[in-house]
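Hi there,

Here is the structure I promised to pass on. My notes follow below it.

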Amino acid sequence: MSNNVREKVIETLKNIYDPEIPIDIWDLGLVYDLQVSEEGDVHVVMTLTAPGCPLANTLVMLVEDAIRSIDGVRNVTVDLTFNPPWDPKKMTPEGRELFKKLYGYDILEYWESIYGKKPTA
């Protein structure tokens, strides 16, 4: 059951968008960890692109509510962290490609040209 619920949770997360960048939070790499128990308990560890985002609590509640609406989910906890801080290396290839289509440049290449090719924590 947990694999089926996990797939549904990921699909749900792919329909929740960052308030500033029109890319879903899964492909943007904002979800650091996703655990789904056999009993249907879901635990998400996520971040934001910037720690000062005024919509942080709203986004966490939106994620909780969306996951809670999935059949098979019993409990949901969402923890917000800024350690490690988000960077473009956390994006999925699909998210990176979408960013390139939206803004006309590869965010990872740009980021690496400024900060170098540091490994992601």
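Asp 87 is buried, at 11% relative accessible area (buried means under 20%, exposed over 50%, partly exposed in between, with a 1.4 Å probe and protein chains only). Before going on, the ground rules: this is a predicted model, where local features need pLDDT of at least 70 and side-chain atom pairs count only at pLDDT 80 or more, while totals for chains, interfaces and linings use all residues. Residues are numbered from 1 along each chain as its sequence is written, and side-chain values use heavy atoms, with hydrogens and water left out.

Asp 87 sits in the loop between strand E3 (75-80) and H3; helices (H or I, at least four residues) and strands (E, at least two) are DSSP runs, numbered from the N terminus. The Asp 87 side chain reaches the backbone nitrogen of Lys 89 at 2.7 Å. That loop also holds Pro 84, and the peptide bond from Asn 83 to Pro 84 is cis, with omega near 5°. Thr 92 is found in the loop between E3 and H3 too, and counts as buried because its relative accessibility is 16%. Apart from neighbours within four places in sequence, Thr 92 is in contact (heavy atoms within 4.5 Å) with Trp 26 and Asp 27.

Now for the inside. Which residues of the largest nonpolar core touch the most other members? They are Ile 25, Val 42 and Ile 67, out of 32 residues; such a core is a set of buried Ala, Val, Leu, Ile, Met, Phe, Trp, Tyr and Cys residues joined through side-chain atoms within 4.5 Å. Two or more residues each come from helix H1 (2-13), strand E1 (31-36), strand E2 (41-46), helix H2 (56-68) and E3, with H2 giving the largest share, 6 residues. Setting aside neighbours within four places in sequence, Ile 67 contacts Val 9, Thr 12, Leu 13, Val 42, Val 44, Val 73 and Val 76.

Helix H3 (93-103) and helix H4 (107-115) each supply at least two of the patch residues. Leu 98, in helix H3, counts as partly exposed because its relative accessibility is 32%.

Best wishes

Technical notes. A polar contact is a pair of N or O atoms within 3.5 Å; within protein, one must be able to donate a hydrogen and the other to accept it, and residues adjacent in sequence count only if both atoms are side-chain atoms.
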